[in-house]
Amino acid sequence: MIGRVLAGCLLAALLAGPAWAGELKVTVVGVRSDRGAVMIGLFDSAAKFRNAISHSAHVGLMSDKERLVGATLRARTGDQTIGFTLPPGRYALIVFHDENDNALLDTGTLGIPTEGYGFSNNAMGFFSAPDFNAAAVTVGPDDRSIFITLKYPVMETARLPGK
């Protein structure tokens, strides 16, 4: 009898407690140099994700008060991995390689990034950043691994023969 009561209490506590968390393992692929930092922002809504994109060149990801999680890694050439323990839900990530270490995503005159950047699902927009749904990944109670490949702008001009 006591065993059934204890089992019932345990079951009730488990059902009433918070949802189990899973780990989201994020591998940033293709960091091109050891200069600066790799900045990662994780967002749990379309509005917060959209605002982060529009403010990343002026506020940066680490100063963004709407982010759910933010992380900064010293840049290391190649791939870098970090894990986040999260409750089940949908999340979108923004990553950029802040090579000059100013905590901002530098852009050119047309607003095009001049530093490496990427989004979860390697999502791409059409002449703009992707929306939340394109970049969103679902985290459940089980661990999940994703890869985000950095895209660097082509800034070098071709050398002409004899120059």
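Colleague: Why is Phe49 called buried?

Modeller: In this predicted model, Phe49 has a relative accessible area of 1%. Buried means under 20%, so Phe49 counts as buried.

Colleague: What makes Phe132 count as buried?

Modeller: The relative accessibility of Phe132 is 8%.

Colleague: Why is the pair of Phe49 and Phe119 called edge-to-face?

Modeller: Two values are needed, because a pair of aromatic rings is described by the distance of the centres and the angle of the planes. The ring centres of Phe49 and Phe119 are 6.1 Å apart, and centres within 6.5 Å make a pair. Their planes stand at 70°, and angles over 60 degrees count as edge-to-face. The pair is therefore edge-to-face. Both Phe49 and Phe119 are buried.

Colleague: What makes the pair of Phe49 and Phe132 edge-to-face?

Modeller: For Phe49 and Phe132 the distance is 6.1 Å centre to centre, with 70° between the planes. The distance is set against the limit of 6.5 Å and the angle against that of 60 degrees, and the pair is edge-to-face.

Colleague: Why is it said that these pairs tie together parts that are apart in sequence?

Modeller: Phe49 lies in helix H2 (residues 46-55), whereas Phe119 belongs to strand E6 (residues 117-119), so their pair joins parts that are 70 residues apart in sequence. Phe132 is in helix H3 (residues 132-135), so its pair with Phe49 ties together parts that are 83 residues apart in sequence. The count of aromatic pairs comes to 4, and one aromatic cluster is formed by Phe43, Phe49, Tyr117, Phe119 and Phe132.

Colleague: Which residues touch the most other members of the largest nonpolar core?

Modeller: That core has 21 residues, and those touching the most other members are Leu24, Val26, Val28, Val38, Ile40, Phe84 and Leu93. Its largest share, 4 residues, comes from strand E1. A second, separate core of 10 residues includes Phe43, Ala92, Phe119 and Ala135.

Colleague: How do you know where confidence is lowest and where it is highest?

Modeller: The chain averages a pLDDT of 85, and 82% of the residues score at least 70. The lowest mean, 47, is in helix H1 (residues 2-16), and the highest, 98, is in strand E8 (residues 144-149). Over residues 9-17 the pLDDT is below 50, and this stretch has 1 contact beyond near neighbours in sequence. Where pLDDT is low, the predicted coordinates should not be read in detail.

Methods: Residues numbered from 1 in each chain as written. Predicted model: local features only at pLDDT ≥ 70, side-chain atom pairs only at ≥ 80, totals over all residues. Heavy atoms only, no water. pLDDT = per-residue confidence, 0-100. Helix = DSSP H or I, 4+ residues; strand = E, 2+ residues; numbered from the N terminus. Contact = heavy atoms within 4.5 Å. Phe/Tyr/Trp six-rings, centres within 6.5 Å; stacked < 30°, edge-to-face > 60°. Buried < 20%, exposed > 50% of the residue type's maximum accessible area, 1.4 Å probe, protein only. Core = buried A, V, L, I, M, F, W, Y, C linked by side-chain atoms within 4.5 Å.
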